[in-house]
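Please look over the sequence and the model shown below before reading on.

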Amino acid sequence: MKTAHDLVVAAKARVAEITVDEAEAAVRGADLVIDVREADEFAAGHIPGATHIPRGLLEFRLSGAPELGARDLDVLLYCKTSGRAALAACAMQDMGYTRVRSIAGGFDAWAAAGKPVEQPSLPSFE
C-alpha cells in the first residue's frame, strides 16, 4: 500500500521542479502561477500575482474555466513545501497540460530566500 509520501516521491519524478533561484524569473514569464494551498495559507501570504486554486478543487476549476483550457499554458505551481504542487502538476499533466512546473521547496523556500510576499490588506474600520 502506498503512502502520501510515496505518491509525492513518484509525482516529483514525473514533473519538472525549478529551484527558488529560478523561480522569480519563472513567475514573471509564466502564463499562470497557481497557489494550491488552502485559503488560510494563501491569505497569510503568497507569491505576488498568484492565482489561488486549492489542490482539492484544481481539476474542477481548470475544467470549468475556458480561459484556462489551453493545454500549452506555461503554468507554475507551488504549495507550502512542494508536495501538493507536485501532485497537482501530475494531475495537470494527466489532463493534457504540457508546460507545468513546480517550485522545489514551495512557498516556505520562496519566503526563506527573501523573495517578495504579498499579503491582502484588510480595511481599517477606525
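Which residues are linked with Asp-74 in a network of salt bridges? Asp-74, Arg-99 and Arg-101 are linked in such a network, where a salt bridge is a side-chain nitrogen of Lys or Arg within 4 Å of a carboxyl oxygen of Asp or Glu. This is a predicted model, in which local features need pLDDT of at least 70 and side-chain atom pairs count only at pLDDT 80 or more, while totals for chains, interfaces and linings use all residues. Residues are numbered from 1 along each chain as its sequence is written, and side-chain values use heavy atoms, with hydrogens and water left out.

**Salt bridges**

- The structure holds nine salt bridges, and, in general, side chains of opposite charge can pair when their charged atoms come close.
- Glu-41 forms a salt bridge with Arg-84, and the closest N and O atoms of the pair are 3.0 Å apart. Since Glu-41 lies in helix H3 (residues 39-44) and Arg-84 in helix H5, the pair ties together parts that are 43 residues apart in sequence; helices (H or I, at least four residues) and strands (E, at least two) are DSSP runs, numbered from the N terminus.
- Arg-84 has a relative accessibility of 25% and so counts as partly exposed, a term for values between buried (under 20% relative accessible area) and exposed (over 50%), found with a 1.4 Å probe and protein chains only.
- Asp-74 forms a salt bridge with Arg-99, with 3.5 Å between the closest N and O atoms. This pair links distant parts of the chain, as Asp-74 is in strand E4 and Arg-99 in strand E5, 25 residues apart.
- The two partners can be set side by side: Asp-74 is buried, with a relative accessible area of 10%, whereas Arg-99 is partly exposed, with a relative accessible area of 41%.
- Lys-80 forms a salt bridge with Asp-108, and here the closest N and O atoms are 2.9 Å apart. Lys-80 lies in the loop between E4 and H5 and Asp-108 in helix H6 (residues 106-112), so this pair ties together parts that are 28 residues apart in sequence.
- Lys-80 is partly exposed, with a relative accessible area of 39%, and Asp-108 is also partly exposed, with a relative accessible area of 33%.

- Helix H5 has twelve residues (83-94), which at 1.5 Å a residue should span 16 Å, and its end C-alpha atoms are 17 Å apart, which agrees; the expected span of a helix is 1.5 Å times one less than its number of residues.
- The buried residues of H5 are Gly-83, Ala-85, Ala-86, Ala-88, Ala-89, Cys-90, Ala-91 and Met-92.
- What covers these buried residues includes helix H1 (4-14), strand E2 (32-35), helix H4 (58-64), strand E4 (74-78) and strand E5 (99-103).
- Just after H5, Gly-96 takes a positive phi of about 105°.
- Ser-82, which is placed in the loop between E4 and H5, has a phi near 115°, a positive value in a residue other than glycine. Most residues other than glycine have a negative phi.
- Ser-82 counts as buried, at 2% relative accessibility.

**How H1 meets H5**

- H1 and H5 pack at an angle of about 60°, with their axes 8 Å apart; axes are lines fitted to C-alpha atoms, for helices over the stretch in contact, and angles run from 0 to 180 degrees between N-to-C directions.
- The two helices, H1 and H5, are therefore oblique to each other, given that angles under 35 degrees count as roughly parallel, over 145 as roughly antiparallel, 65 to 115 as roughly perpendicular and the rest as oblique.
- Leu-7, Val-8, Ala-11, Lys-12 and Arg-14 in H1 meet Gly-83, Ala-86, Leu-87, Cys-90, Gln-93 and Asp-94 in H5, where contact means heavy atoms within 4.5 Å.
- Val-8 is buried, with a relative accessible area of 19%, and touches Gly-83 and Leu-87, not counting residues up to four places away in sequence.

**Around Leu-73 and Asp-74**

- Leu-73 has its place in the loop between H4 and E4 and counts as buried at 16% relative accessibility.
- Leaving aside neighbours within four places in sequence, Leu-73 is in contact with Asp-31, Glu-67, Leu-68 and Arg-99.
- With neighbours within four places left aside again, Asp-74 is in contact with Gly-29, Ala-30, Asp-31, Leu-32, Arg-99 and Arg-101.
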